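Me: Hey, can you walk me through a few spots in this one? I'm still new to this.

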Amino acid sequence: MRYLVSGSRMKEMDTYAIQTIGIPSMVLMERAALAVAEETQKIAKKSDRIWAVCGIGNNGADGLAAARILTLRGYRVTILLVGNADHGTPEYHAQAEIAEKLEIPMVEFCDFIPGTADVILDALFGVGLSGAIVGEYRTAIELLQKQTSASVIAVDLPSGIHSDTGQVMGIAWQADRTVTFGYEKLGTVLYPGRSYAGKVVVADIGLPGREFATAGDEAYTYELCDCKRMPDRSAEAHKGSFGKVLVVAGSEVMSGAAYLSALAAYRMGAGLVKILTVEANRSILLQQLPEVLLETYKPQMILEDPEEFHRLVAQECDWASVIVLGPGLSTKPYVETLVQEVLVNAYVPIILDADALNLIAQHPELTQYYTDNIIITPHPGEMARLTGKTISEIRENLIGTARDYASLYGVTCVLKDAVTVVVGREGQIYLNTSGNSGMAKGGSGDVLTGAIAGLLAQGEENWDGAVLGIYLHGLAGDRCLKHMGAQGILAHDLAEALGTIEKNRMEAES
(Lines give C-alpha, C1' and ligand atoms only; values in the text may rest on other atoms or scores of the structure.)
Protein backbone atom coordinates (compact mmCIF):
# COMPACT_ATOMS: atom_id res chain seq x y z
CA MET A 1 0.00 0.00 0.00
CA ARG A 2 1.27 3.45 -0.79
CA TYR A 3 -0.16 6.83 0.21
CA LEU A 4 -1.22 9.58 -2.17
CA VAL A 5 -1.68 13.21 -1.15
CA SER A 6 -3.28 16.39 -2.39
CA GLY A 7 -1.32 19.57 -2.93
CA SER A 8 -2.70 21.25 0.19
CA ARG A 9 -1.85 18.24 2.34
CA MET A 10 1.69 18.20 0.92
CA LYS A 11 2.11 21.90 1.68
CA GLU A 12 0.94 21.36 5.24
CA MET A 13 3.53 18.61 5.68
CA ASP A 14 6.21 20.98 4.36
CA THR A 15 5.08 23.66 6.79
CA TYR A 16 5.04 21.22 9.70
CA ALA A 17 8.55 20.02 8.89
CA ILE A 18 9.93 23.55 8.61
CA GLN A 19 8.04 25.49 11.30
CA THR A 20 7.25 22.83 13.93
CA ILE A 21 10.10 20.35 13.59
CA GLY A 22 12.64 22.97 12.57
CA ILE A 23 14.07 21.41 9.42
CA PRO A 24 15.29 24.33 7.26
CA SER A 25 13.46 24.62 3.97
CA MET A 26 16.79 24.76 2.14
CA VAL A 27 17.71 21.36 3.59
CA LEU A 28 14.52 19.81 2.21
CA MET A 29 15.15 21.60 -1.06
CA GLU A 30 18.68 20.24 -1.34
CA ARG A 31 17.42 16.68 -0.86
CA ALA A 32 14.73 17.24 -3.47
CA ALA A 33 17.22 18.69 -5.92
CA LEU A 34 19.62 15.82 -5.32
CA ALA A 35 16.85 13.34 -6.20
CA VAL A 36 16.15 15.22 -9.44
CA ALA A 37 19.84 15.35 -10.31
CA GLU A 38 20.31 11.63 -9.69
CA GLU A 39 17.31 10.76 -11.83
CA THR A 40 18.66 13.04 -14.57
CA GLN A 41 22.02 11.27 -14.47
CA LYS A 42 20.30 7.98 -15.26
CA ILE A 43 19.37 9.24 -18.72
CA ALA A 44 21.85 12.04 -19.50
CA LYS A 45 25.39 11.89 -20.83
CA LYS A 46 28.03 14.46 -19.84
CA SER A 47 27.94 15.78 -23.41
CA ASP A 48 24.15 16.31 -23.41
CA ARG A 49 22.67 19.79 -23.39
CA ILE A 50 20.46 20.13 -20.31
CA TRP A 51 18.02 22.98 -19.84
CA ALA A 52 16.63 23.67 -16.37
CA VAL A 53 13.44 25.66 -16.93
CA CYS A 54 12.65 27.39 -13.65
CA GLY A 55 9.71 29.40 -12.41
CA ILE A 56 9.89 31.90 -9.56
CA GLY A 57 8.47 29.73 -6.77
CA ASN A 58 10.01 26.98 -4.71
CA ASN A 59 9.54 24.55 -7.58
CA GLY A 60 11.79 26.80 -9.63
CA ALA A 61 14.22 26.91 -6.70
CA ASP A 62 14.31 23.09 -6.74
CA GLY A 63 15.20 23.29 -10.42
CA LEU A 64 17.95 25.84 -9.79
CA ALA A 65 19.46 23.64 -7.09
CA ALA A 66 19.30 20.55 -9.32
CA ALA A 67 21.00 22.51 -12.13
CA ARG A 68 23.81 23.47 -9.76
CA ILE A 69 24.34 19.88 -8.58
CA LEU A 70 24.47 18.64 -12.15
CA THR A 71 26.88 21.39 -13.17
CA LEU A 72 29.21 20.55 -10.31
CA ARG A 73 29.12 16.94 -11.46
CA GLY A 74 30.33 17.92 -14.92
CA TYR A 75 27.09 18.21 -16.90
CA ARG A 76 26.35 20.98 -19.41
CA VAL A 77 23.42 22.88 -17.91
CA THR A 78 21.74 26.12 -18.93
CA ILE A 79 19.16 27.68 -16.61
CA LEU A 80 16.15 29.27 -18.31
CA LEU A 81 14.30 31.70 -16.01
CA VAL A 82 10.57 32.24 -16.59
CA GLY A 83 8.48 34.84 -14.76
CA ASN A 84 9.06 38.08 -12.90
CA ALA A 85 11.92 37.46 -10.46
CA ASP A 86 10.76 40.41 -8.33
CA HIS A 87 7.95 38.13 -7.13
CA GLY A 88 10.21 35.17 -6.44
CA THR A 89 10.27 33.33 -3.12
CA PRO A 90 13.23 33.74 -0.73
CA GLU A 91 14.39 30.23 -1.61
CA TYR A 92 14.27 31.07 -5.31
CA HIS A 93 16.46 34.15 -4.82
CA ALA A 94 18.90 32.21 -2.62
CA GLN A 95 19.31 29.44 -5.20
CA ALA A 96 19.59 31.91 -8.08
CA GLU A 97 22.33 33.80 -6.23
CA ILE A 98 24.30 30.59 -5.66
CA ALA A 99 23.98 29.67 -9.34
CA GLU A 100 25.12 33.14 -10.37
CA LYS A 101 28.20 32.96 -8.14
CA LEU A 102 29.09 29.63 -9.70
CA GLU A 103 28.71 31.25 -13.14
CA ILE A 104 26.17 28.70 -14.32
CA PRO A 105 24.69 30.02 -17.58
CA MET A 106 21.33 31.69 -16.85
CA VAL A 107 19.08 33.41 -19.33
CA GLU A 108 15.72 35.16 -19.05
CA PHE A 109 13.03 33.62 -21.21
CA CYS A 110 12.45 36.95 -23.00
CA ASP A 111 16.09 36.86 -24.14
CA PHE A 112 16.17 33.15 -24.92
CA ILE A 113 17.22 32.02 -28.39
CA PRO A 114 16.13 28.37 -28.72
CA GLY A 115 18.68 25.83 -29.76
CA THR A 116 18.38 22.10 -29.20
CA ALA A 117 18.18 20.36 -25.84
CA ASP A 118 18.75 16.72 -25.00
CA VAL A 119 17.21 16.84 -21.50
CA ILE A 120 14.84 19.43 -20.02
CA LEU A 121 14.03 19.85 -16.33
CA ASP A 122 10.49 21.17 -15.94
CA ALA A 123 10.55 23.26 -12.75
CA LEU A 124 7.94 25.87 -13.63
CA PHE A 125 5.10 24.93 -11.28
CA GLY A 126 4.68 22.50 -8.43
CA VAL A 127 1.70 21.59 -6.28
CA GLY A 128 0.57 25.20 -5.77
CA LEU A 129 -0.93 25.74 -9.23
CA SER A 130 -4.63 26.62 -8.93
CA GLY A 131 -5.46 28.60 -12.07
CA ALA A 132 -4.94 28.23 -15.80
CA ILE A 133 -1.43 28.83 -17.12
CA VAL A 134 -1.31 32.03 -19.17
CA GLY A 135 1.10 34.65 -20.40
CA GLU A 136 4.83 34.05 -20.51
CA TYR A 137 4.49 30.67 -18.79
CA ARG A 138 2.13 29.36 -21.43
CA THR A 139 4.34 30.75 -24.20
CA ALA A 140 7.36 29.04 -22.64
CA ILE A 141 5.63 25.66 -22.47
CA GLU A 142 4.36 25.98 -26.04
CA LEU A 143 7.85 26.81 -27.29
CA LEU A 144 9.73 24.22 -25.27
CA GLN A 145 7.30 21.42 -26.12
CA LYS A 146 8.61 21.69 -29.67
CA GLN A 147 11.85 20.12 -28.40
CA THR A 148 10.35 16.76 -29.23
CA SER A 149 13.65 14.88 -29.13
CA ALA A 150 14.44 16.02 -25.58
CA SER A 151 13.68 13.90 -22.53
CA VAL A 152 11.60 15.87 -20.03
CA ILE A 153 11.93 15.36 -16.28
CA ALA A 154 9.20 17.05 -14.25
CA VAL A 155 10.17 18.39 -10.84
CA ASP A 156 7.50 17.21 -8.35
CA LEU A 157 4.63 17.53 -10.86
CA PRO A 158 4.32 18.15 -14.61
CA SER A 159 3.68 21.87 -15.01
CA GLY A 160 0.02 22.54 -15.78
CA ILE A 161 -1.36 19.48 -14.00
CA HIS A 162 -3.61 20.11 -11.01
CA SER A 163 -2.11 18.32 -8.02
CA ASP A 164 -5.51 17.15 -6.70
CA THR A 165 -7.58 16.27 -9.76
CA GLY A 166 -5.05 15.55 -12.52
CA GLN A 167 -6.81 18.07 -14.77
CA VAL A 168 -4.91 20.18 -17.33
CA MET A 169 -4.90 23.82 -16.26
CA GLY A 170 -5.04 25.39 -19.70
CA ILE A 171 -1.86 23.72 -20.92
CA ALA A 172 0.42 21.04 -19.49
CA TRP A 173 3.93 19.86 -20.17
CA GLN A 174 4.32 16.21 -21.12
CA ALA A 175 7.04 14.56 -19.04
CA ASP A 176 8.91 11.33 -19.64
CA ARG A 177 9.39 10.94 -15.91
CA THR A 178 8.38 12.83 -12.80
CA VAL A 179 10.43 13.05 -9.61
CA THR A 180 7.94 13.81 -6.87
CA PHE A 181 8.81 14.54 -3.25
CA GLY A 182 7.62 12.82 -0.09
CA TYR A 183 4.50 11.16 -1.45
CA GLU A 184 2.96 10.73 -4.87
CA LYS A 185 0.32 13.32 -5.66
CA LEU A 186 -3.28 12.55 -6.55
CA GLY A 187 -2.79 14.44 -9.80
CA THR A 188 -0.21 11.99 -11.15
CA VAL A 189 -2.49 9.01 -10.49
CA LEU A 190 -5.73 10.44 -11.89
CA TYR A 191 -6.12 11.01 -15.62
CA PRO A 192 -5.19 12.99 -17.60
CA GLY A 193 -2.36 13.85 -15.20
CA ARG A 194 -1.25 10.24 -15.11
CA SER A 195 -0.59 10.26 -18.84
CA TYR A 196 1.46 13.49 -18.53
CA ALA A 197 3.64 12.27 -15.67
CA GLY A 198 5.41 9.38 -17.40
CA LYS A 199 7.36 7.21 -14.97
CA VAL A 200 6.84 8.53 -11.44
CA VAL A 201 9.71 8.33 -8.96
CA VAL A 202 8.86 9.11 -5.33
CA ALA A 203 11.85 10.62 -3.54
CA ASP A 204 12.19 10.54 0.24
CA ILE A 205 13.40 14.00 1.25
CA GLY A 206 13.06 13.50 5.01
CA LEU A 207 9.56 14.88 5.53
CA PRO A 208 7.92 13.94 8.84
CA GLY A 209 4.34 14.63 9.77
CA ARG A 210 1.93 12.90 7.37
CA GLU A 211 -0.09 11.82 10.39
CA PHE A 212 -0.25 15.41 11.66
CA ALA A 213 -1.53 16.92 8.42
CA THR A 214 -5.24 17.74 8.40
CA ALA A 215 -5.69 19.90 5.31
CA GLY A 216 -6.58 18.41 1.95
CA ASP A 217 -7.16 14.86 0.82
CA GLU A 218 -5.13 11.77 1.53
CA ALA A 219 -5.74 8.55 -0.33
CA TYR A 220 -3.97 5.27 -0.87
CA THR A 221 -3.57 2.61 -3.52
CA TYR A 222 -2.69 -1.07 -3.41
CA GLU A 223 0.38 -2.80 -4.78
CA LEU A 224 1.22 -6.44 -5.49
CA CYS A 225 2.20 -7.10 -1.89
CA ASP A 226 -1.38 -6.29 -0.89
CA CYS A 227 -2.53 -9.59 -2.37
CA LYS A 228 -1.74 -10.98 1.08
CA ARG A 229 -4.93 -9.24 2.24
CA MET A 230 -6.99 -11.96 0.56
CA PRO A 231 -9.05 -14.03 3.04
CA ASP A 232 -7.45 -17.17 4.40
CA ARG A 233 -9.01 -20.55 3.64
CA SER A 234 -8.80 -22.93 6.58
CA ALA A 235 -8.01 -26.56 5.78
CA GLU A 236 -10.94 -27.57 8.01
CA ALA A 237 -13.49 -25.32 6.29
CA HIS A 238 -16.49 -26.35 4.20
CA LYS A 239 -18.49 -24.53 1.54
CA GLY A 240 -20.68 -22.88 4.14
CA SER A 241 -17.60 -21.30 5.68
CA PHE A 242 -17.07 -19.07 2.66
CA GLY A 243 -20.45 -17.40 2.48
CA LYS A 244 -23.45 -17.26 0.20
CA VAL A 245 -23.74 -14.80 -2.68
CA LEU A 246 -27.15 -14.01 -4.17
CA VAL A 247 -26.93 -12.51 -7.66
CA VAL A 248 -30.19 -10.74 -8.57
CA ALA A 249 -29.54 -10.16 -12.23
CA GLY A 250 -30.44 -10.91 -15.82
CA SER A 251 -33.48 -10.34 -17.99
CA GLU A 252 -34.94 -12.34 -20.87
CA VAL A 253 -32.30 -11.13 -23.30
CA MET A 254 -29.42 -10.57 -20.87
CA SER A 255 -28.44 -13.74 -19.06
CA GLY A 256 -24.73 -13.07 -19.57
CA ALA A 257 -24.51 -10.41 -16.85
CA ALA A 258 -25.85 -12.83 -14.23
CA TYR A 259 -23.45 -15.54 -15.40
CA LEU A 260 -20.40 -13.27 -15.24
CA SER A 261 -21.17 -11.95 -11.76
CA ALA A 262 -21.82 -15.46 -10.45
CA LEU A 263 -18.69 -16.89 -12.05
CA ALA A 264 -16.55 -14.08 -10.61
CA ALA A 265 -17.98 -14.60 -7.13
CA TYR A 266 -17.08 -18.29 -7.30
CA ARG A 267 -13.61 -17.57 -8.69
CA MET A 268 -13.07 -15.07 -5.87
CA GLY A 269 -13.70 -17.82 -3.35
CA ALA A 270 -17.38 -17.68 -2.36
CA GLY A 271 -18.69 -21.00 -1.07
CA LEU A 272 -22.17 -20.89 -2.62
CA VAL A 273 -23.58 -18.66 -5.36
CA LYS A 274 -27.24 -18.47 -6.29
CA ILE A 275 -28.77 -16.51 -9.18
CA LEU A 276 -32.26 -15.07 -8.86
CA THR A 277 -33.41 -14.37 -12.39
CA VAL A 278 -36.29 -14.72 -14.86
CA GLU A 279 -37.44 -18.22 -15.74
CA ALA A 280 -36.35 -17.76 -19.36
CA ASN A 281 -32.69 -17.86 -18.25
CA ARG A 282 -32.85 -21.19 -16.42
CA SER A 283 -31.61 -23.51 -19.14
CA ILE A 284 -28.75 -21.37 -20.45
CA LEU A 285 -27.40 -20.49 -17.00
CA LEU A 286 -27.37 -24.10 -15.83
CA GLN A 287 -25.46 -25.00 -18.98
CA GLN A 288 -22.98 -22.17 -18.60
CA LEU A 289 -22.36 -22.59 -14.87
CA PRO A 290 -23.55 -25.91 -13.50
CA GLU A 291 -22.08 -25.09 -10.07
CA VAL A 292 -24.57 -22.28 -9.55
CA LEU A 293 -27.79 -22.53 -7.54
CA LEU A 294 -30.79 -21.11 -9.33
CA GLU A 295 -34.11 -19.55 -8.34
CA THR A 296 -36.36 -18.11 -11.02
CA TYR A 297 -39.54 -16.09 -11.36
CA LYS A 298 -41.79 -14.94 -14.17
CA PRO A 299 -42.12 -11.17 -14.54
CA GLN A 300 -45.93 -11.39 -14.59
CA MET A 301 -45.77 -12.95 -11.13
CA ILE A 302 -44.98 -9.53 -9.72
CA LEU A 303 -48.31 -8.17 -10.93
CA GLU A 304 -50.43 -11.30 -10.58
CA ASP A 305 -49.22 -12.56 -7.21
CA PRO A 306 -47.30 -9.80 -5.41
CA GLU A 307 -47.52 -11.54 -2.04
CA GLU A 308 -45.86 -14.68 -3.40
CA PHE A 309 -43.20 -12.58 -5.09
CA HIS A 310 -42.55 -10.75 -1.83
CA ARG A 311 -42.22 -14.09 -0.03
CA LEU A 312 -39.77 -15.34 -2.68
CA VAL A 313 -37.53 -12.28 -2.48
CA ALA A 314 -37.60 -12.20 1.32
CA GLN A 315 -36.65 -15.89 1.43
CA GLU A 316 -33.70 -15.44 -0.92
CA CYS A 317 -32.46 -12.32 0.85
CA ASP A 318 -32.59 -14.18 4.14
CA TRP A 319 -30.46 -16.97 2.62
CA ALA A 320 -27.68 -14.66 1.42
CA SER A 321 -24.52 -13.38 3.07
CA VAL A 322 -24.18 -10.69 0.38
CA ILE A 323 -26.31 -9.60 -2.58
CA VAL A 324 -25.45 -8.36 -6.05
CA LEU A 325 -28.35 -6.37 -7.47
CA GLY A 326 -28.62 -4.96 -10.97
CA PRO A 327 -26.52 -6.52 -13.74
CA GLY A 328 -28.60 -7.07 -16.86
CA LEU A 329 -31.98 -6.56 -15.12
CA SER A 330 -33.27 -4.05 -17.71
CA THR A 331 -35.40 -1.08 -16.65
CA LYS A 332 -38.80 -2.55 -17.46
CA PRO A 333 -41.59 -1.51 -15.09
CA TYR A 334 -41.54 -4.72 -13.03
CA VAL A 335 -37.84 -4.23 -12.19
CA GLU A 336 -38.61 -1.23 -9.97
CA THR A 337 -40.65 -3.52 -7.71
CA LEU A 338 -37.87 -6.12 -7.73
CA VAL A 339 -35.23 -3.57 -6.74
CA GLN A 340 -37.43 -2.15 -4.00
CA GLU A 341 -38.23 -5.61 -2.61
CA VAL A 342 -34.53 -6.48 -2.36
CA LEU A 343 -33.63 -3.17 -0.72
CA VAL A 344 -36.44 -3.55 1.81
CA ASN A 345 -35.81 -7.20 2.67
CA ALA A 346 -32.02 -7.40 2.72
CA TYR A 347 -30.05 -7.08 5.96
CA VAL A 348 -26.72 -7.97 4.42
CA PRO A 349 -24.32 -5.99 2.20
CA ILE A 350 -25.79 -5.11 -1.21
CA ILE A 351 -23.70 -4.20 -4.25
CA LEU A 352 -25.80 -2.02 -6.55
CA ASP A 353 -24.76 -1.94 -10.19
CA ALA A 354 -25.99 -1.28 -13.71
CA ASP A 355 -29.78 -1.33 -14.06
CA ALA A 356 -30.40 -1.15 -10.32
CA LEU A 357 -28.60 2.21 -10.42
CA ASN A 358 -30.49 3.26 -13.53
CA LEU A 359 -33.79 2.45 -11.78
CA ILE A 360 -32.74 4.44 -8.73
CA ALA A 361 -31.84 7.37 -10.97
CA GLN A 362 -35.33 7.18 -12.49
CA HIS A 363 -36.98 6.72 -9.09
CA PRO A 364 -34.82 8.62 -6.57
CA GLU A 365 -37.30 7.83 -3.81
CA LEU A 366 -35.65 4.39 -3.72
CA THR A 367 -32.67 5.98 -1.97
CA GLN A 368 -34.77 6.06 1.19
CA TYR A 369 -33.93 2.34 1.49
CA TYR A 370 -30.18 2.92 1.45
CA THR A 371 -28.31 1.65 4.48
CA ASP A 372 -24.65 1.68 5.46
CA ASN A 373 -24.44 -1.82 3.94
CA ILE A 374 -24.84 -0.42 0.42
CA ILE A 375 -22.00 -0.33 -2.12
CA ILE A 376 -22.76 1.39 -5.41
CA THR A 377 -20.56 0.76 -8.47
CA PRO A 378 -21.48 3.30 -11.18
CA HIS A 379 -19.45 4.26 -14.23
CA PRO A 380 -19.49 7.99 -15.10
CA GLY A 381 -22.61 7.63 -17.29
CA GLU A 382 -24.55 5.99 -14.47
CA MET A 383 -23.19 8.51 -11.99
CA ALA A 384 -24.38 11.32 -14.26
CA ARG A 385 -27.89 9.89 -14.13
CA LEU A 386 -27.73 9.55 -10.35
CA THR A 387 -26.42 13.05 -9.69
CA GLY A 388 -27.62 15.21 -12.58
CA LYS A 389 -24.03 16.18 -13.38
CA THR A 390 -22.52 15.85 -16.84
CA ILE A 391 -19.96 13.14 -17.52
CA SER A 392 -17.36 15.88 -18.10
CA GLU A 393 -18.08 17.45 -14.73
CA ILE A 394 -17.75 14.07 -13.04
CA ARG A 395 -14.45 13.26 -14.70
CA GLU A 396 -13.05 16.66 -13.81
CA ASN A 397 -13.44 15.78 -10.13
CA LEU A 398 -13.90 12.05 -9.60
CA ILE A 399 -12.97 12.19 -5.92
CA GLY A 400 -15.29 15.09 -5.15
CA THR A 401 -18.21 13.51 -7.00
CA ALA A 402 -17.83 10.16 -5.24
CA ARG A 403 -17.30 11.85 -1.88
CA ASP A 404 -20.42 13.99 -2.20
CA TYR A 405 -22.60 10.98 -3.01
CA ALA A 406 -21.11 8.76 -0.31
CA SER A 407 -21.51 11.50 2.28
CA LEU A 408 -25.07 12.38 1.26
CA TYR A 409 -26.38 8.82 1.45
CA GLY A 410 -23.99 7.13 3.88
CA VAL A 411 -22.87 4.50 1.36
CA THR A 412 -19.62 3.27 -0.17
CA CYS A 413 -19.22 4.72 -3.67
CA VAL A 414 -17.10 2.90 -6.27
CA LEU A 415 -16.84 5.32 -9.19
CA LYS A 416 -15.45 3.30 -12.08
CA ASP A 417 -13.19 4.94 -14.65
CA ALA A 418 -9.69 4.52 -16.07
CA VAL A 419 -8.64 5.10 -12.45
CA THR A 420 -11.46 3.86 -10.24
CA VAL A 421 -12.10 6.00 -7.17
CA VAL A 422 -13.62 4.56 -4.01
CA VAL A 423 -14.93 6.78 -1.24
CA GLY A 424 -16.29 5.31 1.97
CA ARG A 425 -19.16 6.64 4.03
CA GLU A 426 -16.60 7.95 6.53
CA GLY A 427 -14.69 9.81 3.81
CA GLN A 428 -11.80 7.39 3.26
CA ILE A 429 -10.39 7.44 -0.30
CA TYR A 430 -8.83 4.74 -2.45
CA LEU A 431 -7.52 5.16 -6.01
CA ASN A 432 -7.01 2.01 -8.02
CA THR A 433 -3.90 1.71 -10.17
CA SER A 434 -4.22 -1.88 -11.42
CA GLY A 435 -5.89 -2.75 -14.71
CA ASN A 436 -5.65 -1.57 -18.29
CA SER A 437 -7.69 -0.35 -21.25
CA GLY A 438 -8.18 -3.89 -22.53
CA MET A 439 -10.73 -4.29 -19.75
CA ALA A 440 -12.98 -1.65 -21.31
CA LYS A 441 -15.36 -4.29 -22.66
CA GLY A 442 -18.97 -5.21 -21.98
CA GLY A 443 -19.35 -7.36 -18.89
CA SER A 444 -16.22 -6.18 -17.08
CA GLY A 445 -18.34 -4.36 -14.50
CA ASP A 446 -20.41 -7.50 -13.91
CA VAL A 447 -17.21 -9.37 -13.09
CA LEU A 448 -16.22 -6.61 -10.66
CA THR A 449 -19.48 -6.84 -8.71
CA GLY A 450 -19.02 -10.60 -8.43
CA ALA A 451 -15.42 -10.21 -7.27
CA ILE A 452 -16.41 -7.79 -4.52
CA ALA A 453 -19.31 -10.02 -3.50
CA GLY A 454 -17.03 -13.06 -3.28
CA LEU A 455 -14.77 -11.24 -0.83
CA LEU A 456 -17.64 -9.92 1.28
CA ALA A 457 -19.10 -13.40 1.46
CA GLN A 458 -15.86 -14.59 3.05
CA GLY A 459 -16.12 -12.04 5.83
CA GLU A 460 -14.43 -8.93 4.47
CA GLU A 461 -15.91 -5.64 5.68
CA ASN A 462 -17.65 -3.49 3.06
CA TRP A 463 -14.77 -1.05 2.59
CA ASP A 464 -12.01 -3.65 2.61
CA GLY A 465 -13.90 -5.97 0.28
CA ALA A 466 -14.71 -3.20 -2.19
CA VAL A 467 -11.14 -1.89 -2.34
CA LEU A 468 -9.50 -5.32 -2.53
CA GLY A 469 -12.03 -6.54 -5.10
CA ILE A 470 -11.29 -3.59 -7.36
CA TYR A 471 -7.55 -4.09 -7.07
CA LEU A 472 -7.73 -7.83 -7.76
CA HIS A 473 -10.13 -7.26 -10.67
CA GLY A 474 -7.55 -4.92 -12.23
CA LEU A 475 -4.77 -7.37 -11.47
CA ALA A 476 -6.72 -10.09 -13.30
CA GLY A 477 -6.93 -7.72 -16.25
CA ASP A 478 -3.18 -7.17 -16.17
CA ARG A 479 -2.64 -10.94 -16.19
CA CYS A 480 -4.90 -11.25 -19.22
CA LEU A 481 -3.02 -8.43 -20.94
CA LYS A 482 0.23 -10.38 -20.69
CA HIS A 483 -1.27 -13.48 -22.28
CA MET A 484 -3.58 -12.11 -24.96
CA GLY A 485 -3.02 -8.37 -25.43
CA ALA A 486 -5.48 -5.54 -24.88
CA GLN A 487 -7.63 -6.23 -27.94
CA GLY A 488 -8.44 -9.81 -27.06
CA ILE A 489 -9.53 -9.54 -23.41
CA LEU A 490 -13.15 -10.49 -22.75
CA ALA A 491 -15.09 -10.25 -19.51
CA HIS A 492 -15.14 -14.00 -18.91
CA ASP A 493 -11.32 -13.99 -19.25
CA LEU A 494 -11.22 -11.59 -16.30
CA ALA A 495 -13.44 -13.86 -14.24
CA GLU A 496 -11.29 -16.88 -15.02
CA ALA A 497 -8.11 -14.94 -14.23
CA LEU A 498 -9.47 -14.13 -10.76
CA GLY A 499 -8.95 -17.80 -10.01
CA THR A 500 -5.20 -17.40 -10.47
CA ILE A 501 -4.83 -14.49 -8.05
CA GLU A 502 -4.19 -16.81 -5.12
CA LYS A 503 -0.79 -17.40 -6.69
CA ASN A 504 -0.07 -13.67 -6.30
CA ARG A 505 -0.86 -13.88 -2.62
CA MET A 506 1.50 -16.78 -2.13
CA GLU A 507 4.19 -14.85 -3.98
CA ALA A 508 3.56 -11.78 -1.83
CA GLU A 509 3.85 -13.82 1.37
CA SER A 510 6.98 -15.71 0.34
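Me: What does the side chain of Asp 493 reach?
Reply: The backbone nitrogen of Leu 490, at 2.8 Å. Keep in mind that this is a predicted model.

Me: And which helix does Asp 493 lie in?
Reply: Helix α18, which covers residues 491-498.

Me: Is Asp 493 buried or exposed, and how far away is the nearest side chain of opposite charge?
Reply: Asp 493 is buried, and the nearest side chain of opposite charge, Lys 441, is 7.3 Å away. A salt bridge has to be within 4 Å, and Asp 493 has none.

Me: Which residues is Asp 493 in contact with, leaving aside neighbours within four places in sequence?
Reply: Cys 480, Met 484 and Gly 488.

Me: New topic: how many residues are in the largest nonpolar core?
Reply: There are 66, and Val 53 and Ile 79 have the most contacts inside that core. Apart from it there's another core of 57 residues, including Leu 190 and Val 423.

Me: OK, now helix α13. Why is it largely enclosed by the rest of the structure?
Reply: Because six of its eight residues are buried. Those are Pro 380, Gly 381, Glu 382, Met 383, Ala 384 and Leu 386.

Me: Last one: what follows α13?
Reply: Gly 388, and its phi is positive, near 85 degrees.

Definitions and conventions. Residues are numbered from 1 along each chain as its sequence is written. This is a predicted model: local features need pLDDT of at least 70, side-chain atom pairs count only at pLDDT 80 or more; totals for chains, interfaces and linings use all residues. Side-chain values use heavy atoms; hydrogens and water are left out. Helices (H or I, at least four residues) and strands (E, at least two) are DSSP runs, numbered from the N terminus. Buried means under 20% relative accessible area, exposed over 50%, partly exposed in between (1.4 Å probe, protein chains only). Lys and Arg count as positive and Asp and Glu as negative; His and the chain ends are not counted. A polar contact is a pair of N or O atoms within 3.5 Å; within protein, one must be able to donate a hydrogen and the other to accept it, and residues adjacent in sequence count only if both atoms are side-chain atoms. Contact means heavy atoms within 4.5 Å. A nonpolar core is a set of buried Ala, Val, Leu, Ile, Met, Phe, Trp, Tyr and Cys residues joined through side-chain atoms within 4.5 Å.
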